[in-house]
Amino acid sequence: MRVAFLGLGIMGQAMATNLVKAGHEVTVWNRTPGKIVEGAGVAPTPAAAAQGAEVVWLCLSDTNAVEDVVFGKDGAEGSLAEGMIIADSSTIAPAATVKFAERVRAKGAAWVDAPMTGSKIGARDGTLVFIVGGDDASVERLKPLFAAMGKKIFRMGETGKGEATKLVMNLQIAMIFEGFAEALTLATKLGVDTQQLLGLIDATMVRSGVVDYKAPFILQRDFTPNFPLRLMHKDIRLALEAAKEARVKLPGLETVEEIYEMATEDGNRDLDYAATLTLLEKWAGVQVKGKAA
Ligand code: NA7
């Protein structure tokens with residue numbers, strides 16, 4: 001398929017590479033020039049990239065970035081035509097997604113929200129799980145592209161439901177990790193051996209995918225970003241915003257948000273969100289040797 005891929009960050013670069021490898025005709029654009037994907041064309045603007053494409057795939061930081069790239073100066077909107085699909089893998093506000101979809105519908109284009117989970121490693125290995133909102137026919141047309149970048153797709157309903165579900169998922173990841181980080185901090189302070197604790201977790205119902213994924217990095221004190229703290233913080237804020245609109249109270253998440261705020265003030269925004277652990281350790285006066293602690 002002819003695909004314009006807009007946004008070559010940690011996730012986008014790897015995803016676009018997998019599209020090229022699967023034989024799709026890809027043209028990329030990135031705000032900061034110089035990022036390339038081997039085998040893909042490079043366009044000077046979003047509008048130029050989208051010209052003649054069947055699908056415009058977005059992988060951008062936040063709601064404002066998506067608005068700028070699609071509807072701003074030289075935005076992709078200028079090149080939309082009947083039958084085109086915008087697929088958005090950025091995690092952004094569900095309410096904004098619904099509004100954006102209405103705007104592009106006026107040009108005969110469809111909007112499929114397709115945020116994903118699987119981090120940098122899933123993007124590199126083509127094993128992402130896509131959480132999708134959109135009409136059946138458009139989602140069906142995107143299947144070869146999903147297959148090139150991921151291992152599973154879950155269609156959660158109409159446009160906007162993918163983003164809503166992604167926020168619900170990341171809410172859980174942030175809170176499961178917070179529980180793990182608090183447990184590790186207390187364990188260290190009480191003199192419990194971390195390796196033995198991890199073995200116990202693995203053998204019991206406390207085990208989780210989040211812990212499985214994060215534990216090896218933490219043992220190495222490796223906080224290089226697989227999923228940067230600043231992006232998890234954004235998702236927590238988006239979930240709180242959506243909860244407020246829906247008149248739902250999330251007291252646990254509100255507290256976790258404050259921890260992200262303080263971890264950001266501590267200079268950790270570009271590290272992995274696992275670096276929130278270092279803040280808990282600092283408060284506890286726990287000394288753990290490592291690169292980022
Ligand atoms: P990154 O690595 O932070 O990449 C973000 C991308 O978004 C990158 O290409 C940025 O371009 C681009 N960006 C950010 N703001 C803008 C604006 N205003 N206009 C145009 N382009 C912009 O994020 P990830 O790849 O890890 O994640 C992407 C999404 O998936 C995000 O929503 C996550 O929560 C999930 P730059 O190179 O800085 O010029």
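## Strands and crossovers

Let's start with a right-handed β-α-β unit, which is made by β4, α3 and β5. A crossover is called right-handed if, with the strands pointing away from the viewer, the path from the first strand over the helix to the second runs clockwise. The helices (H or I, at least four residues) and strands (E, at least two) are DSSP runs, numbered from the N terminus. Before going further, please note that this is a predicted model, where local features need pLDDT of at least 70 and side-chain atom pairs count only at pLDDT 80 or more, while totals for chains, interfaces and linings use all residues. Residues are numbered from 1 along each chain as its sequence is written, and side-chain values use heavy atoms, with hydrogens and water left out.

## How the strands pair

Two strands pair if DSSP finds at least two bridges between them. Strand β4 (residues 55-58) runs parallel to β5, and four bridges join them; here W57 has A87 of β5 as its bridge partner. On to the next pair: β5 and strand β6 (residues 110-113) are also parallel, again over four bridges. In this pairing I86 has W111 of β6 as its bridge partner, and A87 stands opposite V112.

Which way do the residues of β5 (residues 85-88) point? I85 and A87 point one way, I86 and D88 point the other way, and all are buried, meaning under 20% relative accessible area, whereas exposed means over 50% and partly exposed lies in between (1.4 Å probe, protein chains only). In β6, A110 and V112 point one way and W111 and D113 the other, and all are buried.

## The largest pocket

Rolling a probe the size of a water molecule over the atoms shows where empty space is left. The largest pocket has a volume of about 1000 Å³. Of its 43 lining residues, M11, L60, S61, F227 and L231 are the closest to the centre. On a 1 Å grid over the protein atoms alone, a pocket is an open set of points where a 1.4 Å probe fits, with protein on both sides within 12 Å along at least five of seven lines, and lining residues have an atom within 4 Å of a point. Grid points are joined across faces, edges and corners, and the volume is the space filled by probe spheres set on the points.

Which element gives the most to this lining? It is α11, with five residues. Elements that each supply at least two residues include α1 (10-21), α8 (161-189) and α11 (229-245). Domain 1 (2-158) and domain 2 (164-284) each contribute at least three residues to the lining; the domain bounds come from an automatic or database domain assignment. By type, the lining divides into 17 nonpolar, 16 polar and ten charged residues. Ala, Val, Leu, Ile, Met, Phe, Trp, Tyr, Cys and Pro count as nonpolar, Asp, Glu, Lys and Arg as charged, and the others, Gly among them, as polar.

## Residues in the loops

Most residues other than glycine have a negative phi. R221 is not a glycine, yet has a positive phi of about 55°. R221 sits in the loop between α10 and α11, and counts as buried because its relative accessibility is 5%. N226 is found in the loop between α10 and α11 too, and is buried, with a relative accessible area of 6%.

R247 also has a positive phi, near 55°. Is R247 buried or exposed? R247 lies in the loop between α11 and α12 (251-265), and is exposed, with a relative accessible area of 78%.
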